[in-house]
Amino acid sequence: MATTTVKSSLPAGLLPVVIAFLLMTTPALYVTCYIVTADLNVRTCASTSCTLITTIPSGTDVFISCITDGEDISGDSQWDYVGYSSDGTLLGYVSDYYVDCGGLCPGQSC
């Protein structure tokens with residue numbers, strides 16, 4: 001099997017930063033959804049017994065980065081790991097039962 005060498009015109013050390021940026025901003029990695037309840041608690045893990053971080057008001061956009069199984073809420077045991085600040089950097093878990101993604105859902109597990 002032949003090997004091809006690719007030469008980068010980026011300064012040394014910058015390529016890993018560019019790759020990390022692209023991975024973090026690729027639309028397939030995040031799905032924008034919104035909260036459909038009056039208020040939704042953001043927690044440190046996928047259970048109502050976990051520490052409350054904050055409460056997100058109804059209609060707020062959240063950015064789902066991954067999904068995991070957790071405490072069952074009204075027949076739905078899926079929890080979303082979401083970014084919920086203006087830049088999506090403050091992360092925590094919310095029950096998927098209260099989130100509307102318009103049928104889209106990230107496929108990667110946390």
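1. Start with the hairpin of strand 4 and strand 5, which has two residues between the strands. Ser74 is found in that loop, and its phi is near 50°, a positive value in a residue other than glycine. Ser74 is also exposed, with a relative accessible area of 56%. For the wording here, buried means under 20% relative accessible area, exposed means over 50%, and partly exposed lies in between, with a 1.4 Å probe and protein chains only. Strands (E, at least two residues) and helices (H or I, at least four) are DSSP runs, numbered from the N terminus.

2. A word on what we are looking at: this is a predicted model, in which local features need pLDDT of at least 70 and side-chain atom pairs count only at pLDDT 80 or more, while totals for chains, interfaces and linings use all residues. Residues are numbered from 1 along each chain as its sequence is written, and side-chain values use heavy atoms, with hydrogens and water left out.

3. Along the sequence the order reads α-β-β-β-β-β-β-β. Of its 110 residues, 30% count as buried. Take the contacts (heavy atoms within 4.5 Å) with a separation of 6 or more: residues 24 or more positions apart account for 49% of them. The chain exposes about 6900 Å², and carbon and sulfur atoms supply 59% of that; the areas come from the Shrake-Rupley method with a 1.4 Å probe, and for residues only the protein chains shown count as cover.

4. Now the inside. The largest nonpolar core has 13 residues, and Val62, Ile64 and Val99 touch the most other members. A nonpolar core here is a set of buried Ala, Val, Leu, Ile, Met, Phe, Trp, Tyr and Cys residues joined through side-chain atoms within 4.5 Å.

5. Leaving aside its neighbours within four places in sequence, Val99 is in contact with Cys33, Tyr34, Ile35, Val36, Leu40, Val62, Ile64, Asp80 and Val94. Val62 and Ile64, from the group that touches the most other core members, are both among these partners.

6. Two disulfides turn up in a search of the whole structure, a disulfide being a pair of cysteine sulfur atoms within 2.5 Å. One of them joins Cys66 to Cys110, with S to S at 2.0 Å. This pair links distant parts of the chain, 44 residues apart: Cys66 sits in strand 4, and Cys110 in the segment after strand 7 (99–100). With 100° about the S-S bond, the link is right-handed. Cys66 counts as buried at 9% relative accessibility, whereas Cys110 is partly exposed at 46%.

7. The other disulfide joins Cys45 to Cys50, and here the S to S distance in the model is 1.4 Å. Cys45 is partly exposed, with a relative accessible area of 30%, while Cys50 is buried at 11%.

Key: Two strands pair if DSSP finds at least two bridges between them.
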